[in-house]
Amino acid sequence: MTSPDPALLLPYRLEHTPATAAQPGEMALDRVRLTIGEDPDGRTTWPVRCARITLGLPAAHGAAARTGEPVILRTRLELERGPGRGRQRLVETITTDPATTTLTLNPAEPAGFDGTWSLTLTLDISTPLGTQSRITEDTALGDSRSRHRAGTATFTAAPLPN
């Protein structure tokens with residue numbers, strides 16, 4: 001899904017591949033792929049300056065992590081390097097709420113999205129996920145003052161990898 005919510009300035013695509021049966025001795029993990037900055041429909045007004053993005057991943061109904069049991073989480077960040085694209089992105093995770101896992105992407109300096117590049121966060125998670133995610137962004141158009149904006153995005157099904 002692109003541009004999940006008109007309250008958000010950046011376009012988002014959120015794909016979900018549910019866990020399949022794990023091999024013996026392994027845990028089955030759901031995979032989420034969040035792509036930020038791709039706008040094939042041309043609906044985004046560029047440039048967008050972004051200081052932070054937070055993604056809330058709610059557990060599927062009735063599937064919250066058990067108290068005292070850790071959430072298994074692996075993240076991988078893919079982005080093209082270059083001037084204005086944010087440096088040293090840190091992915092902070094909060095897994096203390098059994099109903100929601102929260103990830104925050106913090107660059108050392110704000111990134112300037114201009115429609116020519118995108119950022120992709122791939123994450124594997126042990127908690128089965130719901131159908132929607134909450135996204136908040138600290139963004140601004142051009143050189144205007146940054147504002148905190150919030151919206152939702154619906155997961156789209158992604159094919160299983162071969």
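A residue counts as buried under 20% relative accessible area, as exposed over 50%, and as partly exposed in between. Keep those cut-offs at hand for the exercises below, which all concern a predicted model.

**Exercise 1. Classify the two ends of a salt bridge.**

Task: Is R52 buried, exposed or partly exposed, and which residue does R52 form a salt bridge with?

Solution. Start with the accessibility: R52 has a relative accessible area of 35%, so R52 is partly exposed. Next, find the partner. R52 forms a salt bridge with D138, and the closest N and O atoms are 3.1 Å apart. Now place both ends on the chain: R52 sits in strand β3 and D138 in strand β9, 86 residues apart, so the pair links distant parts of the chain. Last, classify the partner. D138 has 13% relative accessibility and therefore counts as buried.

**Exercise 2. Follow a salt-bridge network.**

Solution. The structure holds nine salt bridges in total. Let us take two of them one at a time.

- R13 and E15 form a salt bridge, with 3.7 Å between the closest N and O atoms. R13 is partly exposed at 24% relative accessible area, while E15 is buried at 18%.
- E78 and R76 form another, with the closest N and O atoms 3.5 Å apart. E78, at 33%, is partly exposed, and R76, at 43%, is partly exposed too.

Then bring in the shared partners: salt bridges join R13, E15, R33, E38, R76 and E78 into one network.

**Exercise 3. Read the fold and an open sheet.**

Task: How many helices and strands does the protein chain have, and what is the strand order of the open sheet of five strands?

Solution. Count the elements to begin with: the protein chain has zero helices and eleven strands. Now turn to the sheet. The order of its five strands is β4-β8-β2-β1-β11, and the pairing is mixed. The edge strands are β4 (73-79) and β11 (156-157), each pairing on one side only. H16 has A157 of β11 as its bridge partner.

**Exercise 4. Examine a hairpin.**

Task: How many bridges join β9 to β10, and which residue of this hairpin takes a positive phi?

Solution. Strand β9 (residues 132-141) and strand β10 (residues 147-154) run antiparallel, joined by eight bridges. Within this pairing, E137 stands opposite R149 in β10. Then move to the turn: five residues lie between the strands, and G142 takes a positive phi near 55°.

**Exercise 5. Find the centre of the nonpolar core.**

Task: Which members of the largest nonpolar core touch the most other members, and which strand gives the most to this core?

Solution. The largest nonpolar core has 26 residues, and L10, Y12, I36 and F113 touch the most other members. Next, ask where the residues come from. Strands β1, β2 (30-36), β3 (48-58), β6 (100-106), β7 (111-113) and β8 (119-125) each supply at least two. The most comes from β3, with five residues. To see the surroundings of one member, take I36: leaving out residues up to four places away in sequence, I36 touches L10, P11, Y12, I53, L105, F113, S118 and L119.

One of those neighbours, S118, deserves a step of its own. S118 lies in the loop between β7 and β8. With 16% relative accessibility, S118 counts as buried. Beyond four places in sequence, the contacts of S118 include I36, E38 and E78.

**Exercise 6. Judge an aromatic pair.**

Task: Why is the pair of F113 and W117 described as stacked?

Solution. A pair of aromatic rings is described by the distance of the centres and the angle of the planes. Begin with the distance: ring centres must lie within 6.5 Å to pair, and planes under 30 degrees apart count as stacked. The count comes to one aromatic pair. The rings of F113 and W117 have centres 4.3 Å apart and planes at 10°, so the pair is stacked. Finally, check the burial: F113 and W117 are both buried.

Terms used: Residues are numbered from 1 along each chain as its sequence is written. This is a predicted model: local features need pLDDT of at least 70, side-chain atom pairs count only at pLDDT 80 or more; totals for chains, interfaces and linings use all residues. Side-chain values use heavy atoms; hydrogens and water are left out. Rings of Phe, Tyr and Trp (its six-membered ring) pair if their centres lie within 6.5 Å; planes under 30 degrees apart count as stacked, over 60 as edge-to-face and the rest as tilted. Buried means under 20% relative accessible area, exposed over 50%, partly exposed in between (1.4 Å probe, protein chains only). Two strands pair if DSSP finds at least two bridges between them. Helices (H or I, at least four residues) and strands (E, at least two) are DSSP runs, numbered from the N terminus. A nonpolar core is a set of buried Ala, Val, Leu, Ile, Met, Phe, Trp, Tyr and Cys residues joined through side-chain atoms within 4.5 Å. Contact means heavy atoms within 4.5 Å. A salt bridge is a side-chain nitrogen of Lys or Arg within 4 Å of a carboxyl oxygen of Asp or Glu.
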